[in-house]
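Here is my note on the structure you sent, arranged as numbered points. Please read it with the sequence and the coordinates open beside you.

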Amino acid sequence: MQLFPAFFQMDGAQIVIFGDGVNAERKARLVAKTPAQIALVSRHMPDWAKAVEQITHVEPEQAGQALDMSRFAIIASEDETELQWAYELVRAFGVPVNVVDRKELCDFTVPSILDRGQVVAAFATGGAAPVIAKDIRAKLETLLPERIGKLAELAERWRPAVKDAISSETSRRHFWEHVLRGPVAEAVYGGDDARAEKLMDIALLRFSHEASSNDPGPVHIVGAGPGDPELLTLKAFRLIQQADIVFHDKLVSDEIMDMVRRDAERVPVGKSKGEHLVPQDGIHELMIAAAREGKRVVRLKGGDPFIFGRGGEEVEALREAGIEATVVPGISSALGCAANANLPLTHRDHAQTLTFVTGHARKGGVPDLDWQGLAKPNQTVVVFMGVGTSTIISEKLQEAGLSGDTPVAVIENGTRANETRGFGSLEALPRIIETHGIKGPALLIIGEVAGLPAEAQNKFIAEALA
């Protein structure tokens, strides 16, 4: 982020604007929407400025006095000599300055603004493409209710009463999220302010009672999908935006973690081969403790919680502790990786059965799998966590009767920018992994369908011609 957005408090402020042309008029009219007073520095008072009550004309010789009390300054002079004189003067007074159309001279830029009274949004591109900022504003204007500013005014009036009635900061946030996104907001948007006030009264009574009861809230076990943030479900997005605390594993991508509410607590509890940051029982205890504190808890897991995600164990632990658990499915890495590689997991001509297995043995060593069953024809076998046992998997499947020529795909970091794919035969599985430097997390996809992507076919053709 090259720009840091901030808002100036304009009550009692004075703003100095240099110039009297079109640019000065535009900036002055924008500033005049606030309570600030405007000192317009120019040789004469332009006609357009006479109609703006907040504007006071200042001769250039008196500009220093005006700057001495200024919160910021805008230089809109169209004459280069006047512009440089004004710039040096503003610099001498150390006042933040915006110079129209001169990005290199600016301390700040003036964004495209969406104004809904108390609700103000600003959009900027750092001067790179102001039209984009205006287009974003125009789109949001069609989405934001016209009376959203009235809703903000209502919240401001009720804030002291809510603070007195609900002592917990977390519970207060829950209260505001409820009323500002629910019936109270709908009443305000519909123009029924009296009904909105009644609903606020009812909601405050209910929340103050719940806050004192200390009933634990639910824990949401959420699938984050394979890594591409656009594959996150809408429900998952909503829950991680509302969460007070997020327990996340290592498979959740940075892009998805960036979607977590900025002030939410983030607790890494991820596991990797040979490294368990927090034991599974410890994860259960952390979630239960957070829920009993009244926090909105999200357990964010890569892929889908119920496909080799230990989501079942976590639901059981929460249930035994008397805490409600909800589960939001995620797109399994098997589905995401296959789709990204144009690799159909089932195909009428090649695979009528699809089997998911884990290549990780609970006690180490050889995975306890039905090798004869996995070696049957016309099926696709997807192996999760199988990189470390790939040699054993290749040998066991061939011993069970599966041909060493059976196509195999190995996909690491599927759907992410650093995705790596390797194609070849079952016999060459360990070599594929070694050649591509795959360490995991990765999927092994074994079956005729693994030879269908063009990328795989090109490899087989190249090997045949070698």
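1. Contacts across the chain. A contact here means heavy atoms within 4.5 Å. Among the contacts that join residues at least 6 apart in sequence, 63% are between residues at least 24 apart.

2. Basis of the values. This is a predicted model, in which local features need pLDDT of at least 70 and side-chain atom pairs count only at pLDDT 80 or more, whereas totals for chains, interfaces and linings use all residues. Residues are numbered from 1 along each chain as its sequence is written, and side-chain values use heavy atoms, with hydrogens and water left out.

3. Overall form. The chain has 18 helices and 19 strands, where helices (H or I, at least four residues) and strands (E, at least two) are DSSP runs numbered from the N terminus. The radius of gyration, taken over C-alpha atoms, is 31 Å, well over the 23 Å that the globule rule gives for 466 residues, so the chain is more spread out than a compact globule. That rule is 2.2 Å times the number of residues to the power 0.38. Along the principal axes, the C-alpha atoms fill a box of roughly 95 × 65 × 40 Å.

4. Surface and burial. The accessible surface of the chain comes to about 25000 Å², and carbon and sulfur atoms account for 51% of that surface; the areas come from the Shrake-Rupley method with a 1.4 Å probe, and for residues only the protein chains shown count as cover. Of the 466 residues, 45% count as buried, a term that means under 20% relative accessible area, with exposed meaning over 50% and partly exposed in between.

5. Strand S1. In S1 (residues 14-18), five of the five residues are buried, and both faces are covered, with Gln14, Val16 and Phe18 on one side and Ile15 and Ile17 on the other. S1 runs parallel to strand S2 (residues 37-41), to which five bridges join it; pairing of two strands requires that DSSP find at least two bridges between them. Within S2, Leu40 is the bridge partner of Ile17.

6. Helix H10. The buried residues of H10 (residues 234-242) include Ala236, Leu239, Ile240 and Gln242. These residues cover an arc of only 160 degrees around the axis, which puts them on the same side of H10; the arc is that of the directions from the helix axis to the C-beta atoms. Among the elements that cover them are helix H7 (169-181), strand S8 (219-223) and strand S14 (325-328).

7. Phe308 is partly exposed at 37% relative accessibility, and Arg310 is partly exposed at 34%.

8. Cysteines. A search of the whole structure finds zero disulfides, a disulfide being a pair of cysteine sulfur atoms within 2.5 Å. Cys106 is buried with a relative accessible area of 18%, and Cys337 is buried with 3%.

9. Lys150. This residue sits in helix H6 (residues 148-165) and counts as partly exposed at 42% relative accessibility. Lys150 and Ile445 are 295 residues apart in sequence and 56 Å apart in space, C-alpha to C-alpha.

Conventions:
Buried < 20%, exposed > 50% of the residue type's maximum accessible area, 1.4 Å probe, protein only.
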